[in-house]
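Please look over the sequence and the structure shown below before reading on. The briefing that follows goes through cores, strands, helix packing and a few single residues.

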Amino acid sequence: MATEEQNKLELFLQWLQVNGVELRGCDIKYCDSTKGFGLFSTTTPSNGIFLVAPLDLAITPMRVLEDPLLGPPCRAMLEEGEVDDRFLIILFLTMERLRSKSSWKPYLDMIPNSFGSPLWFTHDEFQELKGTTLYRASTLQKKSLQAVFEDKVKDLVERLLIMDGDSEREVTFEDFLWANSVFWTRALNIPLPRTYIFPEGSQVPGANNVTNGVNLSSKEGETLWVEGLVPGIDFCNHALRAAATWEVDSTGSASGVPLSMYLLSVNEGPFEVEKEITISYGNKGNEELLYLYGFVIEDNSDDYLMVHYPAEALQNVPFSDSKKQLLQAQKAELRCLLPKSLLDHGFFSSSSERKNIKEYAMDKATNFSWSGQRKIPSYVKKLVFPELLTSLRTIAMQENEIFKVQSLLEELVGNEGEREPSDAEVRSAVWEACGDSGALQLLVDLLNTKLMDLEEGSGTEEYDTKLLEKNCVRDSPALSISVDKTESTPDDEVMSKNRWASIIYRRGQKQLTRLFLREAEHALQLCLKER
C-alpha cells in the first residue's frame, strides 16, 4: 500500500477512535484495487463482536436537518415535498467533500474517488452494455441526476460554501455523482428506536417527512427504519457467505454501548485471524450488483431476467382501453423479473425434485358456474412464468374473447353488478376465455426481440465467452480470468475491470434469455397440441 494511502488510513483510525468507534477484534486494511479497503479479523472477539459504532456517528437525514448550515434549506425543501431523505444525505456528502475544514475529511478521504457502476464508465466501456436493460436504465439515471444537480444542487451548494468561507470552491457534477455513488454503495437500512429519532419533548420541523411511509403517531418505543451511513461498519465488503452481520443495540446489553451498532460474527466458534470480515448485501442478480455497487459475480445463482411489455405499445393494440381496465382489475404488471432459479422447475430442469411455482388462479374456476369446457393444461406445473402470462393473456385477447370475459363476469356477479369481481376471479375469466396460446406466442416474440437486441448490441453469448477466455483483467488480480498473463501480453488482450464486468453481465442476460425462450417455445408447442 502506498505511503499516501497508509497516512489516510492512520488518520481515519484515529478519527474513529476519537468518535467512539471500538475495533474489538478487527482492523481496516487494503484489499485490492477492486474492493479497496476492508475489515479483517485480528483475534476471536469477545461475545463475537468485532466492532461497535455509536449511532450518533451515523450520517442520517436527522443529522442533515440538524446541521446549522444545511439544515434550514433542506428542511424547507423537505416540507415542500421537493426532495426525499436520500437526497438529504447525498447533498450532505457533496457539501462535506467540498468543505475545506470538514470534520468528516478523514472518513471521506478513505472513500474511492470513482466507482465501478456504469455511471462511471468511459464511453467505450459503456458501449459494452448496449442492448441490455442496464444500458437504458443507466442512461436515464445519468440524465436524471444531471437535471437534479442543475435544478437543486449546484447553486445551493455554491451559496452555502460561500457562507462557510469556501468561496473559491467550484461545484461540479462529478462531486454530486460521487456523493450519489457513496450513498448507494455504503448506506444501510438502520432500525432506530423511535425515541432516538424523536426524543421526548423535541420537535424537529420537517421530521414527519424523514422516514418515508412511517406512521409517527404509532406507539412509543416502536422501531423506525432509516437509511444512513455508519463509518467503520460500511467498510465491510460483500460475500455470498457472510462472516458477520450487524445489529443495533439500544440499551447496551449486547455491546456495552447504548445506542450503538455492532458487527457480530455469524460463527459460534473461533474466527480465523487475518480473514476478511464480510457481510451480505442480499441475494442480488448481476444487473442490480453492477447498477448499485459496481461489481458482478460469475455464475451468479441469484441472476434474473427483466421482461416487460412496453407501455407505449399497449396504446396501439386493438381495444386498448378495455384491456387496460382488465389489466387493472387483475392487478397485473407489464414487467416481470424472472429469477434464474425458476429454470430449476421448468421443462428442461435436471432437478429430481420439481416444485410447483404457484397455483394457477384458474384452479378456482371450478367454483364458478361457468362452462368449464377449458381444461387446465398438463404443462401448468412446469410453467415458469405464470405471473407474466396474466398480463400477456389480456394483451393478446381477441374481440370475441373480451366479450366472453364480460359475459362470464356478469354471470358471476349478476347483471346489476352487485359486487366487484376480485382480481383472481377476473384472471380466471380471462384464462377461460382465451387460454394460453396467444400469451405464449407474445412471450416468445418478446424474448426473441430481447435476444436480438442483446446480440445486435454486443454479439452472441459464444462471442462473449471467447472474449473472456482471450483477455485478462487489468488492475484486478482478484478478477483475473484463467489465462496466463505475461509481461508480453499485448494491450488488446487486456481489458479493464469495468469491461470485464459488463461482459459477464451481458453474457448472463443472453444465457437467461435463451433458456427462458426455450421454455416459452416448448410451452407454446404443448399448448397448441392440446388445443
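A crossing of two helices is called left-handed if the near helix is turned anticlockwise from the far one by less than a right angle, and right-handed if clockwise. By that convention, the crossing of α17 and α18 is left-handed. The model is a predicted one, in which local features need pLDDT of at least 70 and side-chain atom pairs count only at pLDDT 80 or more, while totals for chains, interfaces and linings use all residues. Residues are numbered from 1 along each chain as its sequence is written, and side-chain values use heavy atoms, with hydrogens and water left out.

**Helix packing**

- Helices, which are DSSP runs of H or I with at least four residues, and strands, which are runs of E with at least two, are numbered from the N terminus.
- Helix α17 (residues 461-470) packs with helix α18 (residues 497-530) at an angle of about 150 degrees, and their axes are 9 Å apart; the axes are lines fitted to C-alpha atoms, for helices over the stretch in contact, and angles run from 0 to 180 degrees between N-to-C directions.
- Because of that angle, α17 is roughly antiparallel to α18, a term for angles over 145 degrees.
- Residues of α17 that make the contact (heavy atoms within 4.5 Å) include Y463, L467 and L468, and on α18 they include W500, I503 and I504.

**Nonpolar cores**

- A nonpolar core is a set of buried Ala, Val, Leu, Ile, Met, Phe, Trp, Tyr and Cys residues joined through side-chain atoms within 4.5 Å, where buried means under 20% relative accessible area, exposed over 50%, and partly exposed in between, with a 1.4 Å probe and protein chains only.
- The largest nonpolar core has 83 residues, among which Y107 and L263 touch the most other members.
- Helix α4 (residues 85-98) gives the most to this core, with 9 residues.
- A second, separate core of 36 residues includes V384, L392, V444 and L515.
- Leaving aside neighbours within four places in sequence, Y107 is in contact with F12, W15, I59, R186, L229, P231, D234 and F235.

**Strands and sheets**

- An open sheet is formed by 4 strands in the order β1-β4-β8-β7, with antiparallel pairing; two strands pair if DSSP finds at least two bridges between them.
- The edge strands of this sheet are β1 (22-23) and β7 (244-249), each of which pairs on one side only.
- Strand β8 (residues 260-265) runs antiparallel to β7 and is joined to it by 6 bridges, and S260 in β8 is the bridge partner of D249.
- Strand β5 (residues 188-193) and β6 are likewise antiparallel and joined by 6 bridges, with L192 standing opposite L224 in β6.

**Single residues**

- D299, in the loop between α10 (286-293) and β9 (304-308), has a positive phi near 50 degrees although it is not a glycine, and its relative accessibility of 68% makes it exposed.
- F319, in the loop between α11 (311-314) and α12 (320-329), also has a positive phi, near 60 degrees, in a residue other than glycine, and at 37% relative accessible area F319 is partly exposed.
- G36 is found in strand β3 (residues 36-41) and counts as buried at 15% relative accessibility.
- The C-alpha atoms of G36 and M110 are separated by 9.0 Å, although the two are 74 residues apart along the chain.

Definitions and conventions
Parallel < 35°, antiparallel > 145°, perpendicular 65-115°, else oblique.
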